[in-house]
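Here is a short briefing on one protein model. Look over the sequence and the fold before reading on.

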Amino acid sequence: MAKKPTTPTEHASSEPMLRRCIGSHRFGIEPHDAPVGDFPRRPSQKDGLGRMCQVHWNQYTAGLARDAKARNAAPVEEPEPTPIAASRRPRAAREVTITPEGSATIE
Ligand SMILES: [Zn+2]
């Protein structure tokens with residue numbers, strides 16, 4: 001029985017077609033090669049496929065949406081929590097209910 005040595009690189013020619021996913025530096029997506037089947041169809045593109053794989057495209061658009069949302073909601077400074085405890089003398093005998101607005105009611 002003569003064994004024929006096979007090289008592990010022999011099947012390299014049958015690999016699926018790869019396409020470059022450009023990734024997005026802005027959202028920390030590394031460029032990489034992915035099977036053509038992983039790319040969404042983009043009829044407007046010259047070759048009819050997106051420039052990012054589906055997974056990263058989703059991450060990219062989600063990141064854009066997040067950014068747009070953050071821009072629309074103007075950065076409002078968080079109101080400082082009122083230091084109730086500091087301005088109030090301790091009254092152990094009464095029950096103090098503190099509402100989320102920061103005001104306190106004594107029952
Ligand atoms: Zn990708």
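What share of the contacts in the protein with a separation of 6 or more comes from residues 24 or more positions apart? The figure is 22%. The model is predicted. Its protein has 107 residues, and buried residues make up 6% of them.

**Overall layout**

- The secondary structure comes to two helices and four strands.
- Read from the N terminus, the order of elements is β-β-α-α-β-β.
- Strand S1 covers 18-21 and strand S2 covers 32-35.
- Helix H1 covers 54-72.

**Helix H1**

- H1 has 19 residues.
- From first C-alpha to last, H1 reaches 27 Å, close to the 27 Å expected at 1.5 Å a residue.
- H1 lies largely in the open, because the number of buried residues among its 19 is one.
- In general, an α-helix has 3.6 residues a turn, so residues three or four places apart point the same way.

**Cys 21, in strand S1**

- Cys 21 sits in strand S1.
- Is Cys 21 buried or exposed? Cys 21 is buried, because 22 other C-beta atoms lie within 10 Å and the cut-off is 20 or more.
- Leaving out residues up to four places away in sequence, Cys 21 touches Pro 31, His 32, Ala 34, Met 52, Cys 53 and His 56.
- Another, His 32, is 11 residues from Cys 21 in sequence, with 5.3 Å between the two C-alpha atoms.

**Pro 31, between S1 and S2**

- Pro 31 lies in the loop that links strand S1 to strand S2.
- Pro 31 counts as partly exposed, because it has 13 C-beta neighbours inside 10 Å, and exposed would require 12 or fewer.
- Its contacts, not counting residues up to four places away in sequence, are Arg 20, Cys 21, Ile 22 and Gly 23.
- Pro 31 and Cys 21 are 10 residues apart in sequence, and their C-alpha atoms are 5.5 Å apart in space.

- Why does Val 36 count as exposed? Val 36 has 12 other C-beta atoms within 10 Å, and exposed means 12 or fewer.
- Gly 37 is exposed too, with 11 other C-beta atoms within 10 Å.
- Val 36 is in contact with Pro 16, Met 17, Arg 19 and Leu 49, leaving aside its neighbours within four places in sequence.
- Which distance separates the C-alpha atoms of Val 36 and Leu 18? The separation is 5.4 Å, for residues 18 apart along the chain.
- Gly 37 and Pro 16 are 21 residues apart in sequence, with their C-alpha atoms 8.9 Å apart in space.

Notes. Residues numbered from 1 in each chain as written. Predicted model: local features only at pLDDT ≥ 70, side-chain atom pairs only at ≥ 80, totals over all residues. Contact = placed C-beta atoms within 7 Å. Expected span 1.5 Å × (residues − 1).
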